[in-house]
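Student: I have a model open and want to learn how to read it. Where should I start?

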Amino acid sequence: MLKMTKVSKIYRTDTVETHALREFSLEVQEGEFVSVTGPSGSGKTTFLNIAGLLEELTSGTYELDGRDISALSDRERSKVRNEKIGFIFQSFNLIPELNIFDNVDVPLRYRGFAAPDRRKRIENSLEMVGLASRMEHYPAQLSGGQQQRVAIARALAGEPRFLLADEPTGNLDTEMATNVLDLLDEINGNGTTIIMVTHELTLADRAKRNIFVRDGRVSDGPPEFRLAAAGGQG
Amino acid sequence: MLRYYLKLGMLSIRANPALSALMVAAIGIGIGACMTIMTIQHVMSGNPIPGKSDSLYYVQIDSWDPNNEYNGPNELPEQLTYLDATGIDAAAGDEFRVVWSYKSSRILQPGDGADLPFEVRTRATSFRFFSMFALPFRYGASWDAAADRNREQVVVLSSALNERLFGGGNPVGESVTMNGDVYRVVGVLEPWLPVPKFYDVTNNPYEEPEEAYLPVTVAVAAEHDSAGNTNCWKPFPGGYEAFLNSECIWFQMWAELPTAADKSRFEQLLAAYVEEQKTLGRFPREMHNELSDVMEWMQDNEVVDDDVSVLLGLAFLFLVVCLLNTIGLLLAKVMRRTKDISLRRALGASKQTLFAQYVVEAGLIGIGGGVLGIALTWLGLRGIENLFAGYDFVERLVTMDWVMVLLAVGLAVVSALAAALYPTWRAANVTPASQLRIQ
């Protein structure tokens with residue numbers, strides 16, 4: 001379903017070349033919940049950006065649903081991103097001027113759904129995250145955990161095949177983080193593939209498969225990671 | 001999506017009121033400066049008789065001094081002598097519609113004695129003047145050819161003069177007394193304010209038309225002096241009769257020539273007339289006749305002063321400066337919103353979609369700038385009106401019509417869109433990944 005083969009990403013300035021990913025290969029099957037961990041600067045966010053079509057790769061191949069996406073135009077990439085991928089960010093990234101309803105509405109607008117269909121999807125997704133009663137509220141009127149749930153509702157409203165989460169609990173306290181992870185489990189249980197980047201091994205343990213990234217490559221990881229990974233798989 | 005973009009544009013403007021207000025102000029000031037000058041130029045250069053401007057021709061022949069050019073090389077005298085006006089008119093006969101006229105003035109003595117005598121501006125002309133220049137009548141009609149021939153003491157009043165003398169009622173058949181001569185009123189015009197006053201631009205082309213119209217045969221017989229420009233190159237003995245037979249120019253002549261063939265035949269008529277006069281010892285210069293249609297004649301006489309064009313150029317430069325400021329402000333706004341742009345890219349907005357969103361927002365700012373520009377234009381025009389309060393004609397140059405209002409909004413929107421191109425391109429090309437992770 002998602003297949004990266006020998007993907008490299010190099011950031012170049014006039015004087016410096018930074019290899020963020022080096023021949024990075026990974027295959028994720030439909031319905032998986034994969035965590036990606038690694039030290040800072042290891043390339044895990046770059047991987048997520050490439051997976052989410054927010055950045056272009058330098059070399060290698062990336063197939064999504066069997067389609068090579070490296071040759072797509074900006075419009076086609078945007079369409080794929082809109083239809084197949086949902087994003088959850090550490091900082092929620094809600095638009096402060098829009099109320100909750102309109103925030104969830106943003107990707108649906110770009111999808112071109114009719115107004116009644118959009119309304120139904122928004123209500124369903126907010127219902128799922130337990131915030132149906134807060135549609136008219138603005139982000140600033142919600143707690144961090146609630147904002148992240150709105151972001152999850154926004155990511156789910158278009159029924160994407162993939163959910164890409166970048167440190168989704170990084171700005172939340174333990175209780176809220178647990179709630180969000182429970183929600184991700186539920187979403188994954190419904191068949192949505194989730195790839196979650198985190199630097200916390202305890203969170204990575206919630207995934208069904210754990211990937212460790214170091215120096216831009218998939219690696220075996222340190223002993224505690226291998227232990228956690230073994231637990232996650234078990 | 002347009003409604004969605006409009007909603008986002010309004011939200012963005014409300015979210016950044018100071019920056020948005022600055023952009024609207026920058027565009028509005030630029031548009032205001034431009035439109036103030038453009039309005040004046042528009043009024044000055046408008047076609048004063050759209051339906052007929054291509055078929056009316058001003059007549060010029062070179063009857064001037066053999067030793068001195070009129071105003072410069074190849075410059076023809078702008079007016080005709082009495083001899084030539086009557087001579088060409090006679091040659092034209094009934095084959096061509098020709099009108100000749102001059103500006104004069106009379107002292108009008110109100111009949112009821114309630115008002116003191118006052119000066120009225122008159123035009124001495126022939127009966128064809130009214131139909132040739134499509135003057136609208138409220139009461140009565142023009143006098144006829146017989147009245148011209150028989151020197152009947154008739155008059156057509158302007159709407160304003162009728163208001164003053166007869167309270168706006170129908171005075172046809174009534175009489176008015178000017179310089180002791182009694183004239184029978186045969187018609188009253190509707191308000192008629194051609195801008196510029198195309199039929200006689202030898203004086204101020206923006207002054208109001210005359211208040212009373214008399215048969216030229218009557219005016220000449222009664223020795224009404226010219227109140228317009230009169231130029232002579234050859235001395236003549238004193239007296240009105242000698243003046244009529246002199247080489248002084250003071251008549252304007254127009255011919256209505258609907259087809260190219262008519263124009264060609266009239267040119268032949270003029271040539272024959274000049275040849276004939278040469279045999280009589282007149283027209284010492286090489287033959288040079290010209291027929292200019294209305295707009296050519298306006299252009300030849302520089303009805304729109306060169307200064308206006310220079311001012312217009314400066315005003316457009318000022319608009320460019322305002323737009324450069326707007327570009328800077330829009331860039332600042334875009335740079336403040338890179339996170340929003342990146343988020344929208346992540347949620348599925350293509351570069352084209354974002355470009356359209358920002359173009360619509362710029363259009364909204366442009367409309368705001370246009371509305372402000374119209375208000376500033378109005379203020380600018382009132383300022384000019386006050387500055388030149390002593391000149392009656394200025395009032396007519398400082399009026400905005402719907403064309404100019406729409407042009408102001410259109411120019412503002414186009415300007416805003418032009419200013420938005422680069423910032424919008426920058427917005428559409430923001431790299432989303434770098435903006436989304438860190439708060």
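Tutor: We take confidence first, then the interface, the sheet and the backbone.

Student: What mean pLDDT do chain A and chain B have?

Tutor: Start with confidence, since this is a predicted model. The mean pLDDT of chain A is 87, and 94% of its residues reach 70 or more. For chain B the mean is 89, with 97% of residues at 70 or more. For the complex, the predictor reports an ipTM of 0.87 and a pTM of 0.67.

Student: Which element of chain A has the lowest mean pLDDT, and which the highest?

Tutor: Go element by element here. Helix 8 of chain A, residues 223-233, has the lowest mean, 55. Helix 3 of chain A has the highest, 93.

Student: Now the interface. How many residues of chain A are in contact with chain B?

Tutor: Count both sides. 26 residues of chain A are in contact with 24 residues of chain B.

Student: What area is buried between chain A and chain B?

Tutor: The general idea: interface size is often given as the accessible area lost when the parts come together. Here the buried area is about 2,500 Å². Carbon and sulfur atoms give 56% of that area. Three residues stand out on chain A: A:L54, A:R109 and A:Y110 supply 26% of the area that chain A buries against chain B, more than any other three residues.

Student: How many salt bridges are there between chain A and chain B?

Tutor: Look for oppositely charged side chains across the boundary. The count between the two chains is 2 salt bridges. One of them joins B:R345 to A:D74, with the closest N and O atoms 2.8 Å apart. Polar contacts get their own count: 8 residue pairs across the interface, both residues at pLDDT 80 or more.

Student: How many bridges join strand 1 to strand 2 of chain A?

Tutor: Take the pairs in turn. Strand 1 (residues 2-12) and strand 2 (residues 17-28) are joined by 8 bridges. They form a hairpin with 4 residues between them. A:R12 has A:E17 as its bridge partner, and A:L2 has A:V28.

Student: How many bridges do strand 1 and strand 4 of chain A share?

Tutor: Strand 1 and strand 4 pair over 5 bridges, antiparallel. Within that pairing, A:K3 is partnered by A:E63. Strand 4 (residues 59-64) and strand 5 then pair over 2 bridges, also antiparallel. There A:L64 stands opposite A:R67.

Student: Last, the backbone. Which peptide bond is cis?

Tutor: Check omega. The bond from B:V195 to B:P196 is cis, with omega near -5°. B:P196 lies in the loop between strand 7 (181-189) and strand 8 (212-215) of chain B.

How values were computed:
Residues are numbered from 1 along each chain as its sequence is written. Chains are lettered from A and ligands numbered from 1 in the order in which they are written. Side-chain values use heavy atoms; hydrogens and water are left out. Contact means heavy atoms within 4.5 Å. Buried area is the accessible area (1.4 Å probe) that two parts lose on being put together, summed over both. A salt bridge is a side-chain nitrogen of Lys or Arg within 4 Å of a carboxyl oxygen of Asp or Glu. A polar contact is a pair of N or O atoms within 3.5 Å; within protein, one must be able to donate a hydrogen and the other to accept it, and residues adjacent in sequence count only if both atoms are side-chain atoms. Two strands pair if DSSP finds at least two bridges between them. pLDDT is the predictor's confidence in each residue, from 0 to 100.
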